[in-house]
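Subject: Structure for you to look at

Hello,

I am passing on the structure we talked about. Please open it beside this email and find each residue as you read.

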Amino acid sequence: MVGFLEDTIQTEKVMIRLSDFSVVRYRGIDGLSLPRMSRVNLITGMNGSGKTALIEAMWLFTGQDPGLLWNYHLQRSRNPPANPLSTLTEDDLELCGTKNGINCRLKFRFEDVNGASPNEQISDTMQGDFRRLPPPVGIIRTYLDEQLVKDGFEGLQATPFGSVLYESPKMQPNGPSCIIEIMGNPHEIPDEHLKLYSDLVREGHKQELINGINLVMPDIQEVEILTGKRGKSYLAVTISGEGSRPFHDLGGGAVRLARFLIGIFASKDAIFLVDELENGIHYSAHRKIWDCVCQWMRQWNVQLVATSHSAEFIDAAVDAFGDCPEDLSIHKLYRNQNTGQSEVATFTGDALTGAHNLGLEVR
């Protein structure tokens, strides 16, 4: 997925970055802006302040793909409606951000087929299997900088209520621009992570992963993919003096850390979004994890955006970035008591020196 991101060329690689981001309309957020985003961004705030919604919006924005509107990460349901915007906004869904200093705007609009009467456009552009499906009940229109995308209907979403067509910008062949990690089952390593793990091993970084996991579980000697009796593959570990066992036996904290480290590797030269990264990880390991994060962020050119409820975790990040405070931003979300809207206070650079006294404990 390629979105409106800031590209920096280093050693002939494109580093994809968001330098600022605004939610015009998404869920309960209207007009929320992060005016400055760093290499690592921690989003904190009370429950209901919009932390998870903010990283969902970033994922949608960077992907520019209306097909993501039905994704369970955004819908928070395996059974989304025909019109996915109905659960995400009362109006057009609108987001904007900056690429190379240029502010760009992304908007999605749902049009009922009967109400909008776009049948001629559909018959002119529909190809292949689209013709063998029942008539669509709606169309998702994509606008970039207020201009309607007219690349033709590149996708179709079938729902229990009827099919929905959508147009989307042409994707660029630069690889993924953004990966999101929202824990559904904190004790599970999904199949997609096994593929990412295989990529990591193939490029010779398995020992680095093991070293990272050892921050929480120091007795792990080996990590590998095994196949069970029923033919299902799973991630296994070899523990000193105990032999091999499924990784999920280690508990949620170890699984979360493994998924996080695998996600960093998969996000090379791109953006990694993580919801409540510290959950299940003992506070004594926070600083070690941040030291590892600092190293991997720079090694693989990753921009990290993570939500957090933990003051200890945030303090550990401030300490770890003490020699490069410009690489860390803390964004505290809160509800304005007068307007009821989400607002943000951002701390970065020299302002981080006082972060320990900002009242960031929000559990």
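This is a predicted model: local features need pLDDT of at least 70, side-chain atom pairs count only at pLDDT 80 or more; totals for chains, interfaces and linings use all residues.

In soluble globular proteins, nonpolar side chains tend to be buried together. The largest nonpolar core here has 53 residues, and Phe247, Phe260, Trp290 and Leu304 are the ones with the most contacts inside it. Helix α7, residues 252-266, supplies the largest share of this core, with 9 residues.

Which residues is Trp290 in contact with, leaving aside its neighbours within four places in sequence? On one list are Val40, Leu42, Leu304, Phe313, Ala316, Ala317, Ala320 and Phe321.

Aromatic rings

How many aromatic pairs does a search of the whole structure find? The search gives 7. A pair of aromatic rings is described by the distance of the centres and the angle of the planes.

Take Phe21 and Phe61 to begin with. Their pair is edge-to-face, at 5.4 Å centre to centre and with 65° between the planes. Phe21 belongs to strand β3 (residues 21-25) and Phe61 to helix α1 (residues 51-63), so the pair links distant parts of the chain, 40 residues apart. Phe21 is buried, its relative accessible area being 0%. Phe61 is buried too, with a relative accessible area of 0%.

The pair of Phe260 and Phe272 is stacked, because the ring centres are 5.8 Å apart and the planes stand at 20°. Phe260 lies in helix α7 and Phe272 in strand β16 (residues 271-274), so this pair ties together parts 12 residues apart in sequence. Phe260 is buried, at 2% relative accessible area, and Phe272 is buried at 0%.

Phe265, Trp296 and Trp300 are linked into a cluster by ring pairs. The charged end of Lys107 sits over the ring of Tyr143, 6.0 Å from the ring centre.

The sheet

In what order do the 3 strands of the open sheet stand? The order is β13-β14-β15, and the pairing is antiparallel. β13 and β15 (243-246) stand at the edges with a single partner strand each, so one side of each has no neighbour in the sheet. On average, neighbouring strands of this sheet are turned by 30° against each other, direction ignored.

Strand β13 (residues 220-227) and strand β14 (residues 233-239) are joined by 7 bridges. Ile225 is found opposite Leu235 in β14. The hairpin of β13 and β14 has 5 residues between the strands, and Gly231 in this hairpin takes a positive phi near 85°.

On the other pairing, β14 and β15 run antiparallel and are joined by 4 bridges. Here Thr238 stands opposite Ser244 in β15. Helix α5 (residues 191-202) packs on the sheet and touches β13 and β14. The direction of α5 makes about 120° with that of β13.

Regards

Methods:
Residues are numbered from 1 along each chain as its sequence is written. Side-chain values use heavy atoms; hydrogens and water are left out. A nonpolar core is a set of buried Ala, Val, Leu, Ile, Met, Phe, Trp, Tyr and Cys residues joined through side-chain atoms within 4.5 Å. Buried means under 20% relative accessible area, exposed over 50%, partly exposed in between (1.4 Å probe, protein chains only). Helices (H or I, at least four residues) and strands (E, at least two) are DSSP runs, numbered from the N terminus. Contact means heavy atoms within 4.5 Å. Rings of Phe, Tyr and Trp (its six-membered ring) pair if their centres lie within 6.5 Å; planes under 30 degrees apart count as stacked, over 60 as edge-to-face and the rest as tilted. A charge sits over a ring if NZ of Lys or CZ of Arg is within 6 Å of the ring centre and within 35 degrees of the ring normal. Two strands pair if DSSP finds at least two bridges between them. Axes are lines fitted to C-alpha atoms, for helices over the stretch in contact, and angles run from 0 to 180 degrees between N-to-C directions.
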